[in-house]
Amino acid sequence: MLTKSLSPKWIFLSSTLPITILLSILYSDFSIIYSLLSEQNILHILTFGAILILFGMLSAVYAFNRLKNNKDVSRGYSYIAVCFSVLYIILSFIFEDDLIPISLPSWIFDTNPLIYVTTFVMPTLAYGLFSLVVHFTPDYENQSAAQDFLKAIIVPLSTIIIAFLFIFLLNFDHYKILLWLFFAILVTCSLLFLFFLTRGLYIFILKKNALAFNDKIAVLFLFALLLPIAGLLFNNLPNLNQGFESSQGLFGNFSDKFFYIICVFNGVILCIPQQKNRIIQLVLFSCRALTFSFTTYFFFVFLPYLPFALAFLILVIGLFMLAPLILTFVHISVLRDDIQFLKKYYRKSTINLILLLGFIAIPSIVTCNYIYQRNVLQEALDYIYKTDYTKEYDIDTNALEQVFKTIRQNKERPSFTNSNRTPYLSSLYNSIVLNNLTMQEAKLQHLEQIFFGKEYKKDTVTRILNSRLKISKIIHKSTYIAAEKTWKSNVDFEITNNSNFSAAEFETEFELPQGSYISDYYLDMKNGREKGILAEKKSVMWVYSQIVNTRKDPGLLFYDNDSKVGFKIFPFQSNQTRTSGFEIVHKEPLNLNIDGNNIPLGTKTTTEENIKINEFVAYISKTEKLSLPSIKRKPYFHFIIDISNNNEKNLAEYQRRINALKSRYNSLFTNAKISFTNSSIRTVDYDESWIKTITNLSFKGGFYCDSALRKALIQSRSSLNKPVFIILTDDWKKTILAEDYNDYRFCFPDFTLIYELFNDDSLIAHSLIESTKNPCQFESPLENQNLVKYYKISRKEQRLISCDSNPEIVLLNENIDLNNQIKNKSKWKTGVIMAGLRRLELIRPDLSDETWKHMLKSSFESNVMSPATSFIALEEESQKILLKKKQQQVLNGDQSLDLEERISRMSEPSWSLFILCFIFFLVVKRKSLLSKLN
């Protein structure tokens with residue numbers, strides 16, 4: 001007859017499942033680092049892996065056999081499980097340098113694999129110890145829990161005595177042998193300590209009802225209420241003076257007030273004695289079922305720390321590390337007593353349903369809260385990066401502030417004693433809210449400026465580039481492809497480090513004219529020529545930033561903005577010359593200027609004047625552009641007024657400045673507009689009495705001038721009236737603007753300046769193409785009357801383009817279905833389409849997800865670089881595998897989010913382990929559960 005606690009089904013849950021998950025994680029890591037390992041390293045890893053697989057398979061076969069023969073887990077298996085777990089963990093750390101060579105770059109792992117080994121082997125050890133306790137306690141009625149607790153106390157005291165003895169003996173010659181002996185004794189003492197403690201709890205729970213009433217309440221008060229609360233306070237001890245505002249703890253961030261509320265509530269309801277009234281007892285049982293998930297959570301959090309409990313018990317910390325284990329035993333005991341009582345009055349199915357619903361209640365509430373926070377964050381990101389200018393946004397800023405706080409906490413580097421993160425819950429949070437991505441600190445600060453008006457000093461990092469890294473030789477060749485009527489030009493560079501400085505980085509940028517696209521890239525390395533990999537831009541930049549410190553050979557080519565290309569190579573040793581190059585496809589001859597070197601590509605050919613790529617986009621050649629009619633747009637003032645935090649006091653002053661401006665530029669007030677701007681925008685037509693007619697203005701958040709400016713630029717891009725932007729604020733430094741607006745150059749082809757209306761009524765000019773932050777040379781709004789080219793695309797629509805001599809990309813239909821517009825095009829035509837997609841993304845940010853995916857697909861299929869992709873040349877296979885992994889992570893997530901600035905995944909196993917364990921438990925126990933429900 002099977003004993004429940006010794007059922008072989010527990011082997012599947014404690015060994016088979018965790019070992020399977022561990023093997024999958026380790027295999028994923030091994031596939032990345034395989035090419036960096038020596039044969040000896042591979043042999044060690046395969047040996048440890050084979051041992052783990054063998055034990056897992058033998059355990060599963062043993063469990064199936066015992067189930068088939070209706071037998072309990074034997075004492076022999078329990079001994080083997082404990083010995084295997086302890087030895088495997090210890091040997092993993094002893095051979096750490098052979099399993100994880102120190103030569104491996106630290107960034108290549110999300111988490112040290114040995115952390116996973118400890119976490120996932122621990123359930124085997126825990127069940128092995130517990131099954132031994134059951135085997136050694138067949139007649140618990142005749143056993144004394146007090147004796148086992150006493151033995152558990154004696155063990156650490158004995159350990160202290162042994163430690164002092166060994167310290168004394170270390171003066172002798174054979175101290176290394178003595179150290180190993182002491183280590184073996186320490187491990188044995190730890191196991192004995194856990195054994196006696198668990199056995200004492202086991203006996204106590206089984207004999208609890210035999211205790212006197214006052215003794216029972218006292219024991220419950222100690223283990224269910226006092227010790228857990230003391231543990232939470234001790235965890236938060238380093239920052240206790242900060243109260244619930246603290247986000248740090250010894251074992252994790254448990255400073256949230258809800259941890260304390262639930263802890264107290266749980267302790268109180270566990271201490272309440274059993275009631276004779278079945279209704280009251282049912283309510284008590286429901287409350288205890290509700291908090292059982294809370295108890296279970298802390299049991300799993302502290303499970304990996306159990307082997308260290310003895311060592312820390314000397315420092316009192318061990319007592320708090322054991323508190324969740326003790327509380328779990330107590331909670332299960334109380335629930336068992338409740339069920340025994342309620343079975344007299346209610347059906348088993350009703351009791352089981354209450355237990356199940358109670359257990360999932362808190363996890364469900366937590367998950368729903370995370371889903372709400374995800375929706376709040378998504379709405380905020382959509383408003384900033386995927387703005388729908390036809391939609392009103394109502395963002396819960398209180399929830400958003402909490403999201404930003406939690407994201408910062410979760411970005412901390414993980415360790416075995418995590419301080420800022422909340423074990424398991426942080427992983428669940430990142431998975432639900434951020435889809436396992438993150439937000440870089442610069443983006444967090446930018447969003448806090450917009451929504452909360454917080455001020456941050458921008459880090460002005462001046463990159464010191466080695467001026468002795470020069471392009472020493474350039475070879476270029478252009479070939480005309482008659483069938484496609486395009487040029488293919490190859491540019492090869494020799495770059496030399498003319499200094500004694502090692503590990504130098506070459507970095508430059510150059511303008512790439514409209515209608516020219518990079519279609520290939522290479523970098524010569526020590527093992528030969530490495531062809532560039534075209535991949536998603538964020539993942540490329542992440543991999544490059546991680547490996548520049550490992551003296552490997554990445555080369556990088558990427559769009560810095562829509563017309564400027566960045567070019568990097570690392571590293572250069574002293575006086576080293578390296579060769580790199582790329583390929584460009586272009587329609588017309590062009591001149592590249594790279595680091596002062598003029599590179600002519602192609603010769604004059606007959607070019608089609610208007611090349612309509614499809615119904616979506618067209619290419620206007622230099623020749624046709626010159627033949628288009630020129631017009632002058634009528635200017636008008638567009639005021640952008642700061643109504644950010646506490647700025648209502650300045651409205652009267654702003655009206656005075658505007659009135660003073662009118663006396664000088666009265667003609668520009670015809671059709672004038674005013675945009676009242678904080679984190680949102682409200683635009684109205686100008687009226688002299690605007691300050692009296694405007695009501696319901698909300699003075700909160702930051703001065704998000706960027707959004708008002710972009711919206712107005714986009715809406716006026718094809719208008720025959722030209723906006724002259726006048727910005728009114730009490731402090732230009734808090735004005736939130738992009739550094740420049742070169743990507744939007746097609747929206748303002750006939751002007752480059754915006755103006756600040758200063759408190760002395762003067763206008764201060766700022767450049768949209770150089771820098772919006774600093775003043776530039778002043779030009780009167782009345783004198784800034786440049787012409788634009790007028791390009792008619794239909795009877796009712798026109799496009800306005802600049803009067804320069806460069807070719808132009810024009811969107812013909814901004815509302816067309818893109819799916820059928822991109823197929824089966826040449827490399828050059830695909831480049832034009834991707835340039836059109838980029839412009840569509842800028843003027844319709846609400847379509848950015850769709851345009852981004854089309855850009856990626858087109859770029860990958862044609863091997864032409866786009867604003868969404870970059871070329872990178874990598875030296876090692878492991879880097880390529882990691883690039884592919886990170887790219888998939890980005891593609892599966894939201895493009896508004898980022899890859900981590902550094903590796904930041906939790907050191908504890910994924911929250912999904914809980915779900916897998918719970919499902920597995922339901923599967924193995926399905927028959928008994930169904931029989932109870934029926």
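Predicted model: local features only at pLDDT ≥ 70, side-chain atom pairs only at ≥ 80, totals over all residues.
Me: What makes the contact between Arg408 and Glu448 a salt bridge?

Reply: The closest N and O atoms of Arg408 and Glu448 are 2.9 Å apart. The rule asks for a side-chain nitrogen of Lys or Arg within 4 Å of a carboxyl oxygen of Asp or Glu; the pair therefore qualifies as a salt bridge. Arg408 belongs to helix H14 (residues 397–410) and Glu448 to helix H16 (residues 441–452), so that the pair, 40 residues apart, links distant parts of the chain.

Me: Is Glu448 buried or exposed, and why?

Reply: Glu448 has a relative accessibility of 4%. Buried means under 20%, and Glu448 therefore counts as buried.

Me: How many salt bridges does the rule give for this structure?

Reply: The count comes to 36 salt bridges. One of them joins Arg657 to Glu653, with the closest N and O atoms 3.0 Å apart.

Me: Why are Arg657 and Glu653 said to be separated by about one helical turn?

Reply: Both residues lie in helix H19 (residues 651–662), and they are four residues apart; therefore about one helical turn separates them.

Me: Why do the two partners, Arg657 and Glu653, receive the labels they have?

Reply: Arg657 is at 6% relative accessibility and therefore counts as buried, the limit being under 20%. Glu653 is at 25% and counts as partly exposed, because this value falls between 20% and 50%.

Me: What makes Asp743 and Arg838 a salt-bridge pair, and where in the chain are they?

Reply: Their closest N and O atoms are 3.0 Å apart, and the rule requires within 4 Å. Asp743 sits in the loop between strand E18 (721–728) and strand E19 (753–757), while Arg838 is in helix H22 (residues 827–843); 95 residues apart, they link distant parts of the chain. Both are buried: Asp743 has a relative accessible area of 19%, and Arg838 has one of 16%.

Me: Which residues are joined into one network of salt bridges?

Reply: Arg408, Glu441, Glu448 and Lys454 are joined by salt bridges that share partners.

Me: Why is strand E4 (residues 516–525) described as largely enclosed?

Reply: Eight of its ten residues are buried, so the rest of the structure largely encloses E4.

Me: What makes E4 and strand E9 (residues 577–586) a pair of strands?

Reply: Pairing needs at least two bridges, and E4 and E9 have seven, in the antiparallel sense. Within this pairing, Tyr517 has Val585 of E9 as its bridge partner. E4 also pairs with strand E5 (residues 528–531) in the antiparallel sense, over four bridges. Leu523 stands opposite Glu530 in E5, and a hairpin of two residues joins E4 to E5.

Me: What makes strand E7 (residues 555–559) mostly covered?

Reply: Five of its five residues are buried. Gly555, Leu557 and Tyr559 point one way and Leu556 and Phe558 the other way.

Me: Which strands pair with E7?

Reply: E7 pairs in the antiparallel sense with strand E8 (residues 564–572), over five bridges, and with strand E24 (residues 869–873), over three bridges. Phe558 stands opposite Gly566 in E8, whereas Leu556 has Ile872 in E24 as its bridge partner. Four residues lie between E7 and E8 in their hairpin.

Me: Why does Leu357 count as partly exposed?

Reply: Leu357, in helix H13 (residues 348–385), is at 48% relative accessibility and therefore counts as partly exposed, as the exposed class begins over 50%. Leu357 forms a nonpolar surface patch with Leu353, Leu356 and Ile360, with about 330 Å² of accessible area together.

Me: How many cavities are found, and what lines the largest?

Reply: The search finds seven cavities of 30 Å³ or more.

Notes
Residues numbered from 1 in each chain as written. Heavy atoms only, no water. Patch = residues over 30% accessible without salt bridge, like charges linked within 9 Å, V, L, I, M, F, W, Y side chains within 5 Å. Areas by Shrake-Rupley, 256 points an atom, 1.4 Å probe, with all protein chains shown as cover. Buried < 20%, exposed > 50% of the residue type's maximum accessible area, 1.4 Å probe, protein only. 1 Å grid on protein atoms, 1.4 Å probe; cavity = no way out; pocket = protein on both sides within 12 Å on 5 of 7 lines; lining within 4 Å. Points joined across faces, edges and corners; volume = space filled by probe spheres on them.
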